[in-house]
Amino acid sequence: MNLDLDPTQTLLRETTREYLASTVPFDRVRACEREERWDSELWRGLIEQGWLGLPFPESIGGGGGRLTDAGLLLEEFARRAAVVPLAEALVCGLACTRSGSPSQASAALEGLLSGDVVPVPAVLEESDTWGVVEARVEGEQLIGEKLFVDYGQFASHHLVAARENDELGLYRVDARDDAVGSAPLRTIGRTPSARVVYRDAAVEPVGGPEALRDLILTARAFAAVQCLGSAQEALDQTVAYAKVREQFGRPIGTFQAVQHHAANMASRVASTRYLVYEALHALDHGAATPQQVAFAKASASRMVPEVTMLAHQIHGGNGMIEENDLYFFTLRGKDRSLAWGSAEECLEEASAAVDAPREWIC
Amino acid sequence: MDFEWEKEYRDFRGEVRSFIEEWRTPELLEEYARTYGADGPELRRFRDALGERGWMRMCWPEEEGGEGRNLFYQFIFVEEMEYWGMPYGNLTYTSIAPSIQRFGSDEQRRRYLPGILRGESTFALGYSEPNAGTDLASLRTRARRIGDEWVINGQKIWTSLADVATHIWLAARTDPDVPKHQGISVFIVPADAPGLTIRPLHAMYGGHTNETFYDDVRVPHADLVGGVGRGWPIIMHALNHERVGLAATGSLARLFDQLVAHLAERRPERLEDPLVRRRLADLQLDLLEQRALAVQNAWIISKGGTPIAEASMAKVAATELRTRIANTGMDLLGRYGGLSRENGELAPAEGRMEWSFRIAPIFRFGGGTNEIMRDIIAAAGLGLPR
């Protein structure tokens, strides 16, 4: 039991934070939002820093890190509201390198780390239900339609959930193929997302139903850590604001009502922080149950809007205008709280095992 | 970061569990419930057995007769004892003993610690007064020094367990002419001291607390703890330790487990209802979130730190969750939920849901109100200005 970051993790967090603070001014994030694009420049920087290889084994050319480390990275990116498909590319990379031979894995990672391949997952369809997959593969060609393909219009490849002879699986599709057509969706997160149609697109099989399940589980844990990043940043900005904003001749942070809002925000963030990193740690050790990940995501998903709404309450009108940075975290946080399983979905899923024998404490 | 409990902790938890399995007899539980942990042959036998294991002192420093073990052992011990509803000395052990170790004189340590270990010395807290509750530092019970003795006059309230404890851990004003936080001292007062009157106040949870009246109660100077006028930091230290105990997840987890078990056994059709399951999943997540704060808190103590904001967070979460589990639990049980344990088999979960609803408010304002806890989180944790 050790709840502190180890020295390499602390270093990773600090370097990432400093790098993002100096290279990604919030106005650049605003520009991406306005122009409805992704931050391809930051993506190149991220590749130069070698961060993309972090959670892959050294044996295939990765950084030998863990999902926990990737979580720290994602939290920092969320705190900067960065417009890059980091979580998306990582879950695809993990799916591609975990299935197939070592040489296939190295090749997949090489493509990712060179920047030539920017893969994103495409799982949900019109039904917005995880189990319902109507996209189908026949004779190595994919027919179907996907929704909520985050960064889908800018990705080089999609990892698509589809059925072949009724068997669920993951298939790699070249997104630049003419057989792939995408239309942007405008989501509350103001990050790119798309509706994508596949008309006889050529596919390569990547993995079966377990690979798909693993991808969803990892993506869910990553989305949880992104919620956490949004909430942490909203909390920190709010505390800083409450110390300097004066009303009635004193900082509003001296008022008990404001202090109690802030205390509630901090407690909610602290609980989620523990559960989210605990889930990532369990995934790293092959010990995570779907229920554990669902609970961690439910915690993050229900926490983040509570925290950001209190942040707005303390900021008042200043928090509503887009010259202030708070809105990034309110909107991104809510978007990620819905992604890969909302609080409702995750709690419903977790409730299946609510009467199973449990060990609270082990 | 590592969220796994090491083997030695898991083994220890196993050891505590088998001990509890052996000792958790209906006779002991009955005596505990009837006397509110005061005394009796079963309780004495149990405490002797606990004493033999050395668990009460395992985290004490070696020079105090302990083993200097990591505080996580105590966390595990308390969690298990709380889960199974076992009498283990609670406040005296979690709050008073560490204060005597830290602030007591050599003589006080020699005189009181062995008795606490054997379960023979138990303490009631003499803090609150009718006009000094949350604003504790304005307390007015007065101690005047006459020769080698202190003479105490005044009135305390909410002195729970004073009628069954052997001692009172008393906060009194020794100097009215200095700023209020600096004029307070802590005394160890025998509960049978002449001039001390204890009057019960019966409470809606079935037990009682007490008013205590001090009428020329004499205490030797040797029983003043930590120096004249040095009481405030001692009280804060003890309260902080008390909060760690109040934040324990064990009894909350058991309440939840009993609720689910009861529904599974007697109301399986209700447990099939997706809405009921959803409400249970909500509570289960609340428990996971609360325990996260409790472990975080224990982690800081185990490193030798003093969690201040963290202890407050865990206390608030635990005490508000207790209300929520009891309230939701009763709703899910329907009219049966309102049956007390006197109804025997008819009462779900041994009537604990109903009883928990009646006792739950205490925890939210006791040991420092949750409002004060939030003030502490804001000031100590977030650095918000006063």
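## Basis of the values

This is a predicted model, in which local features need pLDDT of at least 70 and side-chain atom pairs count only at pLDDT 80 or more, whereas totals for chains, interfaces and linings use all residues. Residues are numbered from 1 along each chain as its sequence is written, chains are lettered from A and ligands numbered from 1 in the order in which they are written, and side-chain values use heavy atoms, with hydrogens and water left out.

## The interface of chains A and B

Taking contact as heavy atoms within 4.5 Å, 46 residues of chain B touch 50 residues of chain A. The size of an interface is often given as the accessible area lost when the parts come together. Here the buried area (accessible area, with a 1.4 Å probe, that two parts lose on being put together, summed over both) is about 4,700 Å², and carbon and sulfur atoms give 62% of that area.

Between the two chains there are 25 residue pairs in polar contact, both residues being at pLDDT 80 or more; a polar contact is a pair of N or O atoms within 3.5 Å, where within protein one must be able to donate a hydrogen and the other to accept it, and residues adjacent in sequence count only if both atoms are side-chain atoms. The elements that each give two or more residues to chain B's side are its helix 1 (7-23), helix 4 (71-83), helix 8 (250-266), helix 10 (274-302) and helix 13 (370-381), where helices (H or I, at least four residues) and strands (E, at least two) are DSSP runs numbered from the N terminus. Helix 10 of chain B gives the most, with 17 residues. By class, that side of chain B holds 24 nonpolar, 3 polar and 19 charged residues, with Ala, Val, Leu, Ile, Met, Phe, Trp, Tyr, Cys and Pro counted as nonpolar, Asp, Glu, Lys and Arg as charged, and the others, Gly among them, as polar.

The interface also has 8 salt bridges, each a side-chain nitrogen of Lys or Arg within 4 Å of a carboxyl oxygen of Asp or Glu. One of them joins Asp257(B) to Arg358(A), at 2.4 Å from N to O.

Arg302(A) lies in helix 9 of chain A and counts as buried because its relative accessible area is 16%, the classes being buried under 20%, exposed over 50% and partly exposed in between (1.4 Å probe, protein chains only). Its side chain makes a polar contact of 3.1 Å with that of Asp282(B), and another of 3.1 Å with that of Glu289(B). Beyond neighbours within four places in sequence, the contacts of Arg302(A) include Arg268(A), Ala343(A), Leu285(B) and Asp286(B).

## Features within chain A

Thr308(A) is also placed in helix 9 (residues 290-315) of chain A, and it is buried because its relative accessibility is 2%. Residues up to four places away aside, Thr308(A) touches Ala234(A), Phe329(A) and Thr330(A).

In helix 2 (residues 26-34) of chain A, 7 of the 9 residues are buried, among them Arg28(A), Arg30(A) and Glu33(A). The buried residues of this helix pack against helices that include helix 1 (7-23) and helix 7 (209-244) of chain A. Just after helix 2, Glu36(A) has a positive phi of about 50°.
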